[in-house]
Amino acid sequence: MAKYLLLKHYRGAPAAVNDVPMDQWTPEELSAHLTYMSDFAARLESTGEFVDAQALSPEGTFARYDGEGRPPVTDGPFPETKDLIAGWMMIDVETYERALDLAAELSAAPGAGGEPIHEWLEVRPLLSAHSPTTD
């Protein structure tokens, strides 16, 4: 089994087919979307392929170490993840192809008008002790 992170982006990926921002959805459309996501996760949990999923708050700050005894440096001249990453789902599947199939299915979550979003999801394998390196 290999773990993959399915990343949902606010921006930075190609536009979804049904590209109406979530803050413009009706309460019913939002509820249908969240139900789809929950049902998808429950199905993967029943097959042992679900690890975890989280939606992310739009608030966030970059921070980095700036030397002994100094306060952390925050923010900078770069795009922040709060502007890019909306949420994620981690899966544990047998093959890369299965990860792609699940990402494609997840991208069909309903959005505005109840129509599938067809959003692009980033599929990223997790590094492990046995992962190849690019030395």
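At what angle do helix α1 (residues 27-47) and α3 pack, and how far apart are their axes? The structure in which this is asked is a predicted model, so local features need pLDDT of at least 70 and side-chain atom pairs count only at pLDDT 80 or more, while totals for chains, interfaces and linings use all residues. Residues are numbered from 1 along each chain as its sequence is written, and side-chain values use heavy atoms, with hydrogens and water left out.

The two helices pack at an angle of about 155°, and their axes are 11 Å apart. Here the axes are lines fitted to C-alpha atoms, for helices over the stretch in contact, and angles run from 0 to 180 degrees between N-to-C directions. The value makes α1 roughly antiparallel to α3, because angles over 145 degrees are given that label, whereas those under 35 count as roughly parallel, 65 to 115 as roughly perpendicular and the rest as oblique. The crossing of α1 and α3 is right-handed, a term for a near helix turned clockwise from the far one by less than a right angle, with anticlockwise being left-handed.

Which residues meet where α1 faces α3? From α1 come Tyr-36, Met-37, Phe-40, Arg-43 and Leu-44, and from α3 come Arg-98, Leu-102, Glu-105 and Leu-106. Sorted by class, this contact has six nonpolar, three charged and no polar residues. In that sorting, Ala, Val, Leu, Ile, Met, Phe, Trp, Tyr, Cys and Pro count as nonpolar, Asp, Glu, Lys and Arg as charged, and the others, Gly among them, as polar.

For orientation, here is the wider chain. Its secondary structure comes to three helices and six strands, arranged along the sequence as β-α-β-β-β-α-β-α-β. These elements are DSSP runs numbered from the N terminus, helices being H or I of at least four residues and strands E of at least two. Of the 135 residues, 28% count as buried, where buried means under 20% relative accessible area, exposed over 50% and partly exposed in between (1.4 Å probe, protein chains only). Among contacts with a separation of 6 or more, 76% come from residues 24 or more positions apart, a contact being heavy atoms within 4.5 Å.

The structure holds one aromatic pair. Tyr-4 and Tyr-96 form this tilted pair, at 6.0 Å centre to centre and 50° between the planes. Rings of Phe, Tyr and Trp (its six-membered ring) pair if their centres lie within 6.5 Å; planes under 30 degrees apart count as stacked, over 60 as edge-to-face and the rest as tilted. The pair links distant parts of the chain, with Tyr-4 in strand β1 (residues 2-9) and Tyr-96 in helix α3, 92 residues apart. Tyr-4 is buried at a relative accessible area of 8%, whereas Tyr-96 is partly exposed at 40%.

Is Ile-117 buried or exposed? With a relative accessible area of 8%, Ile-117 is buried. The C-alpha atoms of Ile-117 and Ala-16 are 6.1 Å apart in space, although 101 residues separate them in sequence. His-118 lies in the loop between α3 and β6 too and is partly exposed at 41% relative accessibility. His-118 has a positive phi of about 55° although it is not a glycine. Most residues other than glycine have a negative phi.

Strand β6 supplies two further examples. Glu-122 lies in β6 and is partly exposed, at 28% relative accessible area. Not counting residues up to four places away in sequence, Glu-122 touches Leu-5, Leu-6, Leu-7 and His-9. Pro-125 is also placed in strand β6 and counts as exposed at 54%. With neighbours within four places in sequence left aside, Pro-125 is in contact with Lys-3 and Tyr-4.
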